[in-house]
Amino acid sequence: MSLRPYSSESYCEGERPEAWRDVLALLGLQPAAAATSHAGHATAVRRSSAGVTLATLSAGPQAVVAHPDAHGDHPLVLLPLEDGASLKTAAGHRIVAAGQLLLLPRASSWSVSFGRDFRAVVLSVACDAARSRTVAARLTVVQQIAPSGFGELFVRMLDAAARHLETLSDAEWTAAAQSLLDLMPTLLRQTPTTADLNAGTASKAATLQRLCQAIERRLDDPDLTPAKVAAAEGISERYLQKLFGGTGSSFTHYLRERRLQRTCADLSNPAEAHHSISEIAFRAGFNDSAHFSRAFRHRFGVSPREYRQTEAERHAATAAAAAQRGWPQQALVQLRNRPTAAAAHRTATKFPALTFCAETTPQHHHLSADASKVHWGYFSRSLAPQIEIASGDTITIETLTQHASDDPERMILGDAGAESVFHWTRDQKNVDRRGAGPIDASIYGRGAGEGFGVHICTGPVAVKDAQPGDVLEIRILDIVPRASRNPDFKGRVFGSSVAAWWGYHYKEFLAEQTAREAVTIYEIHHDGDAPYARGLYSYRWEPQIDPFGTVHATYDYPGVPVQPSSVRRRHDVLDGIRIPLRPHFGVIALAPREVDFVDSVPPAYFGGNLDNWRLGKGSTIYLPVSVPGALLSVGDPHAAQGDGELGGTAIECSMTGTFEVILHKKSEFADKPFADLSYPLIETETDWVLMGFSHPNYLAEFGAGGQSEVYATSSLDLAMKDAFRKMRRFLMTIKGLSEDEAIALMSVAVDFGVTQVVDGNWGVHAILSKRVFTDARR
Amino acid sequence: MKHHLLPVSPKTVHWGYFSKVVAPALTLKSGDRATIETLTHHAGDDYERMIEGDPGAESVFKWTREHKAVARRGAGPTEGPFIRGSGEGVGVHLLTGPVAIEGAEPGDVLEVRILDVKPRPACKACHAGKCFGSNIAANWGFHYHDLIEEPKPREVITIFELDTSGEPFARAVYNYVWTPQTDPDGIVHPTIDYPGVPVDHRTIIKRENILSNVKVPARLHFGTMGLAPSEDDFVSSIPPSYTGGNIDDWRVGKGAKMYYPVAVPGAFFSVGDPHAAQGDSELGGTAIETSLTGDFEFVLHKKNDLGGTPLEGLTHPMLETPDAWSVYGFTYPNYLAELGANAQLEIANHSSLDRAMRDAFRKMRRFLMTVHKLSEDEAISLMSVGADFGVTQVVDANWGVHGTIRKNVFRCD
């Protein structure tokens, strides 16, 4: 087996730099500064065959150079996949865009640095692998190859091979590795597009590049002239014209082409659908619509209107075919284009003015559920906290299920808090944003936030003094269901479970062969020794028209009130069946650090939609703090759920929890069970429960594509691997076992189970009984 | 009702395979009981503690240059020259049986009740009365290609002692890294690739004081129990399948009832792979492998009597405990039929929990719809909120996910 996966999750923090150094060394790389190596989240998959090693790397900002012990005629091949990199050689700095190949001779001096979280593919060929082949002239300087012609062919093949590294059979992989090796000599004969780093041409190219960027920034200026650009960049107009002339074009021609390309991109972008064609034209510097239409037709052969129409149809077709939750792949460009979107959302005062008692006696707080106290369907580091509490305080948090609208009469009516959150009429929608999607619903048109994330979360609660690197301990002291406040049902408790389109069963129905969504309303009997739920009635989802007039053919947007007259209720459902209760909160989250709006559906290192029923009364969860104040949110209350959460939801039932919140400062927990925590850790009276995911930190691992990619690539096999690595690390770091002891113990005493297969990022948990350790502290 | 006794001997065991063509070691009637001895195939990891002085174990493990008491080990070729040995280790478990059930026919269901399970104490004077087991972090383990400490890769054997004086538990005695072993026929085994090779303790380095503060709660059970499949004459004992086999669920212990669809006349039940403790997933490749003796009761359910019972439409192994029902999902529910002529080797290339989960879902849905007469919508809702799916094992080529539903869910009122 030639496949070697690496995940920083296997290692405690102190060991990561060394482990990462090993990963780089096997590729002929090392950290640029001898003393430093990357200690943050990183994953790598590498596979070798007869001296050819291919690897995908995903890690945080860092710089790498050639490893001094790496020899060979073949240069290293490096392909940045996102965001590009910065290349430094004796001749100066250069930006390498994503998708451009770098050929890095092992003997020459260079360094490649990644300014942000990055993903890259590296191909390394050892001398002996290439010996039998004719090698082109030895490469002595770094070359950059643009993705066109043969370069593109190579890039695509490299990218595809890297993507399937884990799934190719040994025979398939060997063939792929040999083909890459065969293509290398031809690649090495390629003429680099941007000239080599010879002084004269290089500076010309750099200036031209700068001019192009200046034009790009000012495309909206209808009166952009060569003189203006030249002045801004500090060169003469004549020199500018000469530089453009040297490319076989002219300034005017170039500018016009760029303007047209910009409109073309915007017209095909669903995120721009709410802008009129003339607005788009105007933004690209066309101040005359008729002129623009003519120019566009002349250039592309269709009118702007026709072009937009065909593109929209194409998008609709692919979106329907994808049928996955979360951001669709092609709309992700919006996330990249709007880095400052959240800034506008950020409230002026970061923390509300609170009179905070300096005394150390723990305080009790109460956070009720109403429209002003919840955020719906997303986590965000930029939300203003509802309240600030101190470590050791207790807080009662009311939470509402987003499924209350499945039977508004029983679960909303008469309940002032729920009515306030769910209030949605033609003129007023109290909680407008539901999900991390665009607020203008420009992707699918479902509604603000697009339902990319569905849970009503109460909070966030800021914890005084919490800083990234700390750990927040949240003890669940009590969970009480929220009874109906409708006089007709007073005191009774109801919940809803939806076998939804995102359920595990959805693609293979038996009966009637038609895909359908079914809602089952349960009544919760929570008194007595053996509390249970019973099915009350069920109905098939029928297209619902929300108060704004949007039709929801499937359960694609949360909180759409179901009109009782629009569905057919079937009683006598689940006759004679009682489901034992397991009250818990599906969502307990701290705000993630990576982006401003994070879909609430996929769980990850920050907690979130864990959907583990062991997180009930009497249990404790430890979560790593990622942002100042920690920003704790709670929601998605469940009355009962099975391991797997197969149909897509639990018995979703509004509940109120009481929590004790304890902050552990990074400097003070060296020998605690939660030292070295980079994942959610659950403690119950009898067990430690570690949460593994398909992608433990999908936001970092996939970069900008994370919120879409995580839905497409979830697998229990990956989640099992993550749970294994985390349990091994826990046993080695926290319990002081050797690797051999840890693996023996895992085989004979640790239970692995399926947490959920419906939340995008699938989960497998590992349960370690505390009674295994005879000297167990606490 | 008659009570039978089936001790271990070279005549009452078959090693590494299920087979419909092996002569039964015992024939009994539905309703009969039997005490059946089983041996762990890992006893050779510490001959002194697990074989020496035990006449039954010594007779089965006997292997000198001149005489190998049980020659065939595995479903592989029995004609030389061998790479690893006769049977080639294509299947590794020492199984006692087969037990034939009078009147059993394909389409029937055999119920096997486990009335009691007892460990088999050591006989050699210095260890007499104590019980030992062996755990191997083996080359087929889930961890094997993802090790972080050197040397990579490596196989590690940990010897445990079982304490049954109170609440039973196991403690580690020592461990060692596998070194190439030369078997009595002169074949060198660089890794653990053939069962029953006696480990020469002069070639290994014992490390003591390991897992020093750890007590592993005992879960006595049989890893491998099942019936002969109809597809092939010799079927590797490693991948579990529709007639049971190497399911490796620790819940298959005292008080449990297993149900198996009968595939061949006489059913041909075999049992082995005894375990003192195992976690869900059996991550490193094995449990604490310990010789055990079980008391069993056999009940044959005829094809025509299955309607209206929990066994209606059963085409796969199913577990009943006092509290719950479990169905077993596999990567391939019947890999012998699905993967063609080379299935027994091919299955190892397809291991996946994702497929096993899908199979467990389908089996649980079928159980709820057929046995409990739920509609599909009801079954899916109930599975979401009341059924638990867990990882049975990720080391037996045909990986397993079990689906469990508690019996108190069905309490009617």
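Mentor: A residue counts as exposed when its relative accessible area is over 50%, and as buried when that area is under 20%. The model under discussion is a predicted one.

Trainee: Why is Arg163(A) called exposed?

Mentor: Arg163(A) has a relative accessible area of 56%. The cut-off for exposed is over 50%, and therefore Arg163(A) is classed as exposed.

Trainee: What makes the contact of Arg163(A) with Asp159(A) a salt bridge?

Mentor: The closest N and O atoms of Arg163(A) and Asp159(A) are 3.3 Å apart. A salt bridge requires a side-chain nitrogen of Lys or Arg within 4 Å of a carboxyl oxygen of Asp or Glu, so the pair qualifies. The two residues are four residues apart in helix H3 of chain A, which means that about one helical turn separates them.

Trainee: Where does helix H3 of chain A lie?

Mentor: Helix H3 (residues 149-163) lies across strands S4, S6, S9, S11 and S12 of chain A, and runs at about 80° to S6(A). These strands belong to an open sheet of seven strands in chain A, with the order S1-S3-S4-S11-S6-S9-S12 and antiparallel pairing.

Trainee: What makes S1 and S12 of chain A the edge strands?

Mentor: Strand S1 (3-7) and strand S12 (143-145) each pair on one side only.

Trainee: How do you know that S9 and S12 of chain A pair?

Mentor: Strand S9 (residues 101-104) and S12(A) share three bridges in the antiparallel sense.

Trainee: Are Asp740(A) and Arg154(B) buried or exposed?

Mentor: The relative accessibility of Asp740(A) is 9%, and the relative accessible area of Arg154(B) is 6%. Buried means under 20%, so Asp740(A) is buried and so is Arg154(B).

Trainee: What links distant parts of the chain in the case of Asp643(A) and Arg614(A)?

Mentor: Asp643(A) forms a salt bridge with Arg614(A), with the closest N and O atoms 2.8 Å apart. The partners are 29 residues apart, Asp643(A) in the loop between strands S30 and S31 and Arg614(A) in the loop between strands S28 and S29 of chain A. Both residues are buried.

Terms used
Residues numbered from 1 in each chain as written. Chains lettered and ligands numbered in written order. Predicted model: local features only at pLDDT ≥ 70, side-chain atom pairs only at ≥ 80, totals over all residues. Heavy atoms only, no water. Pairing = 2+ DSSP bridges. Contact = heavy atoms within 4.5 Å. Axes fitted to C-alpha atoms, helices over the stretch in contact; angles between N-to-C directions. Buried < 20%, exposed > 50% of the residue type's maximum accessible area, 1.4 Å probe, protein only.
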